[in-house]
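Please look over the sequence and the structure before reading on.

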Amino acid sequence: ANEATASDIKAEMQEKPSPDVDVFGLAQGKNIVMISLESTQNFVIGQTVNGEELTPFLNQLIEESFYFPNIYDQTAQGKSSDMEFMLDTGFYPLSSGSAFVRRYENTFRSLPQILKEQGYTSAAFHANDATFWNREAMYETLGYDEFFSKDDYEVTDELSVNYGLKDKPFFAQSIDHLNTLESPYMAKFIPLTNHFPFLLEQEDQSIDPADTGVDVVNRYVTTIRYQDEAIEQFFADLKKEGHYEDTIFLLYGDHYGISRQYESGVHTLLDQEENTLTHLDLQKVPLIIHIPGQTGQTIETEGGQIDIHATLLQLLGLSANENLTFSYDLFTRPSDVPIIFRDGRFVSEEYLYADHTCYDRKTEQPVEETYCAKDQEIVREQLSLSDEILLGDLLRFLD
Ligand code: GP9
């Protein structure tokens, strides 16, 4: 019965648009560098505080990249691990706990596995304990060849802050490990400094904290800027070491940084009202896809983090539609497919549902719940299919 269920679900899931011929295979055979932007929300892009850009390097990179400013954070309790899970598998996170912890013994069809068939090596770089979020075990399940974790880095008190190794030494030390990989490779970097409660020594702060009345937000601008500088330095090192030219870069916010509890500081910073709609808007995380030599393009398509999986496959010239996933390639994502949050909230073309209320997006006013019913049906169906497959480990029945 499970075998039949898995095949039925697969047949249902395959109705996805054909690839955009202009971008399909644009990065075929290239190395892949992924940089997870810790706790980075999209509002920081292009934002200034006291006349200073928060992310000068990313702002400049966007000029020569595909930039998606309307991608929503879809993580749940598994936070960073949920982002990794969506990216690697194209499945929704679980409603409680982390799939990395709860389903590490499942069969998956992950990016590292798909890429291995194309001759790629896959590696993850993260200077925290290997067991955090059960990464060590889950990376093995997902098919990573290498995991450079805390034991592979020089982590001293001086080089650390908050959760661990600071981003600048993290990226600087990562280059030697990267040099050991055979091309083509997929390398995923997970820095740590821009993590709640956003602590940073004075000497590492190159801009002043903000002045919003909410300390967490005031400090956030300093750690965001530090992360930006660390990535700038990393790009310079990648160029020096010959890792830049033949590479596609994906940079994405892993989840929100400022929880609702502290959000009034962001509203002050952005001079916006505090309500359900602005809160939802703040759930957007940046997605930047950079292929050296390309012309910059801002793509306003709305989507979720789960869609990065299929988007990357399309750019690599690999059909994302062959696999059973819940990911839509962002270059062809149909506008009538809602963006689904794990707690049942959603954003669709005309409506959004949050705080137990259905809103008309044009008027920004609450409307009768029946207007949201059709999308709600899709949301329920997608989440329950994703859960059914994960909890039943159904992918083991597919070839
Ligand atoms: C820990 C890092 C942060 O290793 O990934 O995890 P988070 O708290 O953001 O999920």
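**The chain as a whole**

The model is a predicted one. Its protein chain contains 12 helices and 18 strands. The radius of gyration is 20 Å, close to the 21 Å that the globule rule gives for 399 residues, so the chain is as compact as a globular protein of that length. The C-alpha trace spans about 60 × 50 × 40 Å along its principal axes.

Of the 399 residues, 59% count as buried. The chain exposes about 16,200 Å², and carbon and sulfur atoms supply 42% of that area. Among contacts with a separation of 6 or more, 73% come from residues 24 or more positions apart.

**The surroundings of the ligand**

Twelve residues are listed around the ligand: Glu38, Lys79, Ser80, His126, Asn128, Phe132, Trp133, Arg135, Tyr163, Leu192, His195 and His255. Sorted by class, this shell holds 4 nonpolar, 5 polar and 3 charged residues.

| Residue | Distance to a ligand oxygen atom |
|---|---|
| Glutamate 38 | 3.1 Å |
| Histidine 126 | 2.6 Å |
| Arginine 135 | 2.7 Å |

On its own the ligand has 310 Å² of accessible area, and the protein covers 96% of it.

**Arginine 135 and helix α6**

Arginine 135, one of the residues around the ligand, is found in helix α6, which comprises residues 135-142. Is this arginine buried or exposed? Its relative accessibility is 2%, and buried means under 20%, so arginine 135 counts as buried. Apart from neighbours within four places in sequence, arginine 135 is in contact with Ser80, Glu84, Phe100, His126, Ala130, Phe147 and Ile190. Of these partners, Ser80 and His126 also belong to the surroundings of the ligand.

**Helix α3**

The buried residues are Ser80, Ser81, Asp82, Met83, Glu84, Phe85, Met86, Leu87, Asp88 and Thr89. Two of them, Ser80 and Glu84, are contact partners of arginine 135. Lys79 and Ser80 are among the residues that surround the ligand. After α3 comes glycine 90, which has a positive phi near 75 degrees.

Conventions
Residues are numbered from 1 along each chain as its sequence is written. This is a predicted model: local features need pLDDT of at least 70, side-chain atom pairs count only at pLDDT 80 or more; totals for chains, interfaces and linings use all residues. Side-chain values use heavy atoms; hydrogens and water are left out. A residue is near a molecule or strand if one of its heavy atoms lies within 4 Å of it. A polar contact is a pair of N or O atoms within 3.5 Å; within protein, one must be able to donate a hydrogen and the other to accept it, and residues adjacent in sequence count only if both atoms are side-chain atoms. Accessible areas come from the Shrake-Rupley method with a 1.4 Å probe; for residues, only the protein chains shown count as cover. Ala, Val, Leu, Ile, Met, Phe, Trp, Tyr, Cys and Pro count as nonpolar, Asp, Glu, Lys and Arg as charged, and the others, Gly among them, as polar. Helices (H or I, at least four residues) and strands (E, at least two) are DSSP runs, numbered from the N terminus. The radius of gyration is taken over C-alpha atoms; the globule rule is 2.2 Å times the number of residues to the power 0.38. Buried means under 20% relative accessible area, exposed over 50%, partly exposed in between (1.4 Å probe, protein chains only). Contact means heavy atoms within 4.5 Å.
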